[in-house]
Each structure stands twice: as C-alpha cells, then as structure tokens.
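Me: Please take me through this model at the level of its helices and contacts, giving the cut-offs as you go.

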Amino acid sequence: MEHLSLDVLSRLVDEPPTVAERGHLDRCARCASELEALEHQTAALSALPDVRPVRGDWEALEARLIAQGLVQAAEVRPITSGGASGRWSRMRWLRHAASVALFATGATVGAAAARSGLGAQGDVSATVPSVAQLAATTDPGEALALVQEAERAYIGALVHYRQLVGARGGDEVAGDPAVRYAALEQLVQAGQAAVSRAPADPFLNGLLASALAEQQAVYRRMSGAAAQDGWF
Amino acid sequence: MSEADLIRRACEGDGPAIRALYERYAPRVYAVVRRIAGDDELARDYAQEAWIRAVRALPTFRGESRFSTWLHRIAVNAALQAARKAESRQRHERISVEEVPVAPAHGDALLQQRLEGALDRLPEGMRQVLILHDVEGYTHDEIGEVLGVTAGTSKSQLFKARAKIRALLRSLADHPRSAGETGARAWSI
C-alpha cells in the first residue's frame, strides 16, 4: 500500500481530502496518525508564546528615537521643590551625573589600560569625583565644579596613557588586549548611558565615538593576532 | 491612561508614552520579527527598525484597525524587508533542534522550544510562509501580498514547510538524547 506523502498530509490539515485520500486514511492507521500529528503541530505553532526582548533593548531604541528626532527631550522637572535650587532641573542633574560617570569611568579605564600595558601608575580613579558626590550637592555651581574636576582627571589619564604609548614606540601597546577591550567596554557603556541622558551634548557624543573607535581598533588587533595564531 | 491617549501623546514625541506602548507590545513585536529573522542578533535590529517605523508612522494611524494589528503589520513588513535586504543571513548563535535545552518539567515548554528551533532550520521562504500562516494567522492572499508571491506559491511553500518541520521533530523522536526525554509530549506530534 502506498502511503500519502507528508506534503499531501500537510495539505489535509487545511483542506478536505479527496474520496481516494479519505478512503486511504480510513484504512491506514499510519497515515491517519501522521495527519493527527500534523494537526497537533499546526495547533502548537499557532499557540507559540510572545517573546520578551533582551534587556537593554529599550535603551538602544530610545537612543535611536532621540537621534532621529522622534522623541522630545526629557521634560524638565525640579528634583527639589522651591528654594535656592528651584532652577536646578532634573535634566541638568542628569547631564551632570552622566558626565561625571563617564569621566570617572574614563579616568579609571585610562589608568587601567596604562597599567595593563605599560607598567604601574598611580590610582587616578581615587581622585575623580563620583556620582554619589554629585548627588550630595544641590548647588549648581558646586556640581559644575565636580564635573570639571572629573573631566580634568579623565583627560589627564588619557594624556598620560598616550604619552606612555608614545614612549613605547607608537600604537603597539604591550599587555593583554583582552583586558584593554574589557576596560574600553566599560567606557563605551558609560558613554552610551551618558549620551542617552544627554543626547544633544556634542562633547559626550565625541567621547563616546572615540571610545567606540578605540575599542574597534583593539578588536581588530585581537582578531588579527588570533588569525595569525591559527584560531580561525 | 487609555491606549488612545498614549497614542495621541506618542504622536507628539512624548517619550514616556512611547515607552508605555513599547512595554505593552514589545513581546508581540519581538516574537514575530525573531521568528522571521531566525536569529537573535538580526531580530534585535529588525525589532528596532520596526519600532522606529511605527513611531514615525504614528500620525497616520487612524484607528481603523486595532493598534496591535496595525503595529504587527508594520513589524512584519519591516522584518521581511530587512530580511530581503540582507545579503546573507548571519547566524551568530544558531541553535539546532538537537541542542535546544530540555525544559525539565513542562511538556508544552519543551514542545515550544523544539518548534522554535525547528523554525530556525527551515529555508527562509518556507519559514516566512509557515510563520505568517500557522503562527500569525495570515491568509494565503495576505501572504501573497506581503511576500510578493501568488497564493498558490504560498500554499505550496506552507505544505512543504509543515512536512519539513514534522520530519525534523520526528527524527528527534527516533533518536531521543536521553531517557528522560522519551516520555515528553513533544515526541508524540
């Protein structure tokens, strides 16, 4: 006895069988069972659940919506009511916090990268203001000073790093590139967080772009080294 | 806040309103684009593209259909268009049916995992038709419209896709990987 093909049985999930097909199904337990399985399969497909996107998807989407002008800037709300800090808006605080977080991370990364490749260096991060310090102040002038201090530490760390690289003879940096890549990843994440909170800030955008470019350069060097080692 | 209010505010670029709509519908959008993409990495790109298109098109939403239906159609179109544009599919973490983790307790969860894995293994054309018809409930005429094929081609691809999925799942039934899996309901379909 010739059985019905899977393609034919798949059709019979939606369409009535011909007389010949009906007759075969009545006599053949195997084909009847296959048809039943296909019907179960189709029902199961129609009941597949929704899938929650991975964490961080909204943040990435929000950044793109803002970049394309599809979302207005965050509304301005005072974080304290009345008093001398009435003009100290939430938006401005977020921008300052984002800046401090980025600079603090950047300074730490600069120091870590220099240490990993070029020998010991002082702990720059210890001198960098933190977001916690910023949160403790409600005075705009004091907050601005903290941001500027963090910025100086960040730039100082990068300058020091570059000087050390130059002393070692160009772009080739000793040490573990994976460590540098991981450190730069922290900087990129801090930069992305900063830019998502202050998307119109050209300085933060520039720093993020620089961090991404540096990270990609490290990745290319790692890939090249891996290829030479016969990893791929 | 009602959905109509959220949509009206989202039209004006209100971030919290857009996020509220995203929170409500992201799983639905992600599910369909993930299945069309057949790949997690691509799915994230497709989902973002779908949402950007939807937010941009919000002022054209007239309420003639349900918002979820309107959004779903945008997501499907965005994913299909992106899939067509892709020169070659990048499968970064392709999960084969054999490698799908076994859910310890619930038969339906295991079946769903195996179906999702099997979907990823279908050729692209078959997968798109099967997803649109059997998962999303499109008619063959609607599939023909969005894929640019005839309804007959859609039917033909659907029957082949069902048969292929059935064969993939049956091969697992013939070669269970552990004794604990043999009793699972997934094998019986």
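Predicted model: local features only at pLDDT ≥ 70, side-chain atom pairs only at ≥ 80, totals over all residues.

Reply: Residues are numbered from 1 along each chain as its sequence is written, with chains lettered from A and ligands numbered from 1 in the order in which they are written.

Me: How many helices and how many strands does chain B have?
Reply: Helices (H or I, at least four residues) and strands (E, at least two) are DSSP runs, numbered from the N terminus. Read from the N terminus, the elements of chain B run α-α-α-α-α-α-α-α. The count for chain B is therefore eight helices and zero strands.

Me: Which helix gives the most residues to the side of chain B that touches chain A?
Reply: Taking contact to be C-beta atoms, placed from the backbone, within 7 Å, 33 residues of chain B are in contact with 31 residues of chain A. At least two residues of that side of chain B come from each of H2 (15-37), H3 (40-57), H5 (107-121), H6 (124-135) and H8 (151-174) of chain B. The helix that gives the most, with 10 residues, is H2(B).

Me: How many residues of H6(B) are buried?
Reply: A residue is buried if 20 or more other C-beta atoms, placed from the backbone, lie within 10 Å of its own, exposed if 12 or fewer, and partly exposed in between. The buried residues of H6(B) include B:Arg127, B:His133 and B:Asp134. H6(B) is mostly covered, and of its 12 residues the number buried is 10.

Me: Is H3(B) parallel or oblique to H4(B)?
Reply: H3(B) and H4(B) (residues 67-85) pack with their axes 8 Å apart, at an angle of about 130°; axes are lines fitted to C-alpha atoms, for helices over the stretch in contact, and angles run from 0 to 180 degrees between N-to-C directions. Angles under 35 degrees count as roughly parallel, over 145 as roughly antiparallel, 65 to 115 as roughly perpendicular and the rest as oblique. With that angle, H3(B) is therefore, relative to H4(B), oblique.

Me: Is A:Arg30 buried or exposed?
Reply: A:Arg30 has its place in helix H3 (residues 29-46) of chain A, and its C-alpha atom is separated by 9.6 Å from that of A:Leu4, 26 residues apart along the chain. Because A:Arg30 has 10 C-beta neighbours inside 10 Å, this residue counts as exposed.

Definitions and conventions: Contact = placed C-beta atoms within 7 Å.
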